[in-house]
Amino acid sequence: MAKILVVDDDPDLALAARLILQEGGYAVVEAHSSKEALDTLVRENPDLIVLDVMMDTTTAGFQLALTLRSPDPDSQYKAYQNIPIIMLTAIHETTNIRFGPDEHYLPVEAFLDKPVEPISFLKKVGELLAIRAAH
Amino acid sequence: MSIEEPIQESVEHASAMIAALRVQQQRLTALTDVMRSVSATLDTAAVSQRLVDGLCTVLGANAAGLYLAEGARLRLQAAARAGQLCAEPELPGLLPDTQTIPQVHQGRAVLIPVSEWQPLAALDVTAITSSVLLIPFHLPPDGILCIYLPSMSEAEAEIVAFARALVDHGVVAMQHAQAHEALQRAEKQRSQFVRVVTHELRSPVVGAQSMLRAVMHSSAYGFTAEQRDILGRLSRRMDSLLDLINDLLSLAATRASDYQQPLVSVHIQPIVRETVEYLRFQSEEKKHRMEVVLPPLPIHILGTKDGFQHILENLVGNAVKYTPEGGTIRIALRREQHTARLRVEDSGIGIPPEALEQLGQEFFRAANAKAAGVSGTGLGLTMVRLILDRFGGRMQVESQVNSGTTFIIELPLA
């Protein structure tokens, strides 16, 4: 059973994501801050990460993604660099960072608008896990 | 006594009068120039600077400085030197407040010999200055204009009256600028307030909607058909609420000047493609035929990427929303001589003639749009209009009920 790490500081949103993913037949671990996310990542070694943009700060999710995908060869998260990331955003969120996958700027595989729509969410998760399994 | 003498005298008299009139004429021209320049800006710093520059030039002064009250002192706001702008004011930065100069405190202008003017000691214009003209400047905050004149010989009353006329005009220009700046501050605060409030409104609705969708999607609860129907209604209500909050947030952001990006050259074909792609899913669900015609040569408008995208999302989004299943949507972009012309045509429910006029008013929705049960907030076109105003663009709408609507947008090229 594929294991998914859900990172969201809003427990209601984390719960919603967990319910949908469990319904889809995945094992779910939750983390509610960037710090907790990094600890859980190392402990659980998930197959996919679902990441909220705004946590302790408006861009905490972005920073976490950048830490995980750091090109630094000595990065302590090097082993986890290839775990696919789905980023949950609110398109109208009050931050001036532009949203949209940009491999040079923000290395994540997909963006989904909140509140997530269960069917398209599970579809995206399935796709990314299939790509990962094929590699 | 020869007959020439009175004539000679008259000629001299006439010449003197003409010379005096010329001086007056020059002064009036200078006065109008300064007034025009001072009134041409709504920026308080620029008004102060133009006023002191103007005074310096028109009065042939060595230097001029505008001081405004700050606590018990008067602080230099703007300074000018003869013949050049004063980048670093060489006038004293602070003066004692107006109460120490009784005439000025009583609202009168006063011309005093330089020897009596204490703060001048530090100035490099001391040697060439013989008198200092002090004119009260009544705003809130109150202030004083100090004008350093090279000679005392000129008709005193005349120059004082002349300078006062200029300064009075400067006060009015300053009041306008202050009012304008206060308005801008208020607008910015209002927008920020709306943004914060909307964000706080969004979070709980997003949380509730996320959980609701998760529960509805889950097979674990075994809902009855009626329960499922109620949950569906709840969820749709929440979608409408979120739409409203999102639109309010966008509107506030569009209006907030601190969020306004500078206008730049924007290549628009990729934005049209992206937006159509973004909305294609909804359009395909309704089995629309969507045609997009883009010219091969790049078109650049003067605007912002976000703004143009917003216009498109609204117009194409509306076309998708208000066009029944199986309808047609045509999007065409064309380059005209000075503008880019975007046409969004649909075969939708149309807009009644009486509603066309009100289109774009905040929260306005046409009766048939509401009756069709299509959700909407009536803020989309308000935003489109705001953005178009900023880009210097125009919008035209043609519509026929039950047969379709065409929006034509013209935007100045970069």
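User: What average pLDDT does chain B reach, and how many of the residues score at least 70?
Analyst: The average for chain B is 85, and 91% of the residues score at least 70. pLDDT is the predictor's confidence in each residue, from 0 to 100. The model is predicted: local features need pLDDT of at least 70 and side-chain atom pairs 80 or more, while totals for chains, interfaces and linings use all residues. Residues are numbered from 1 along each chain as written, chains are lettered from A and ligands numbered from 1 in written order, and side-chain values use heavy atoms, without hydrogens or water.

User: Where does pLDDT stay under 50 in chain B?
Analyst: Over residues 85-89 of chain B. The model has six contacts (heavy atoms within 4.5 Å) for that stretch beyond four places in sequence. For the model, ipTM is 0.82 and pTM is 0.59.

User: What makes β9 and β13 of chain B edge strands?
Analyst: Look at the order β9-β11-β12-β14-β13 in chain B, an open sheet of five strands with mixed pairing. β9 (289-293) and β13 (394-400) of chain B each have a single partner strand, so one side of each has no neighbour in the sheet. From one strand to the next, the twist averages 10°. Strands here are DSSP runs (E, at least two residues), and helices likewise (H or I, at least four), numbered from the N terminus.

User: How do you know that β13(B) and β14 of chain B pair?
Analyst: Pairing needs at least two bridges found by DSSP. β13(B) and β14(B), residues 404-412, have seven bridges, in the antiparallel sense. Therefore they count as paired.

User: Which helix of chain B lies across β13 and β14?
Analyst: Helix α10, residues 380-391 of chain B, running at about 25° to β14(B). Such angles run from 0 to 180 degrees between N-to-C directions, with axes fitted to C-alpha atoms, for helices over the stretch in contact.

User: Why is α2(B) called roughly antiparallel to α4(B)?
Analyst: Helix α2 (residues 44-59) and helix α4 (residues 156-217) of chain B cross at roughly 170°, and their axes come within 9 Å. The cut-offs are under 35 degrees for roughly parallel, over 145 for roughly antiparallel and 65 to 115 for roughly perpendicular, with the rest oblique. That crossing therefore makes α2(B) roughly antiparallel to α4(B).

User: Which residues of α2(B) and α4(B) meet?
Analyst: Among them are L51(B) and L55(B) in α2(B), and F162(B) and L166(B) in α4(B). The contact of α2(B) with α4(B) has 13 nonpolar residues, four polar and one charged. Ala, Val, Leu, Ile, Met, Phe, Trp, Tyr, Cys and Pro count as nonpolar, Asp, Glu, Lys and Arg as charged, and the others, Gly among them, as polar.

User: What makes N45(A) stand out?
Analyst: Most residues other than glycine have a negative phi, and most peptide bonds are trans. N45(A) is not a glycine, yet its phi is positive, about 45°. N45(A) lies in the loop between α2 (34-44) and β3 (48-52) of chain A.

User: Which peptide bond joins P140(B) and P141(B)?
Analyst: A cis one, with omega about -5°. P141(B) sits in the loop between β6 (131-137) and β7 (143-149) of chain B. In chain A, the bond from K114(A) to P115(A) is cis, with omega near -5°.
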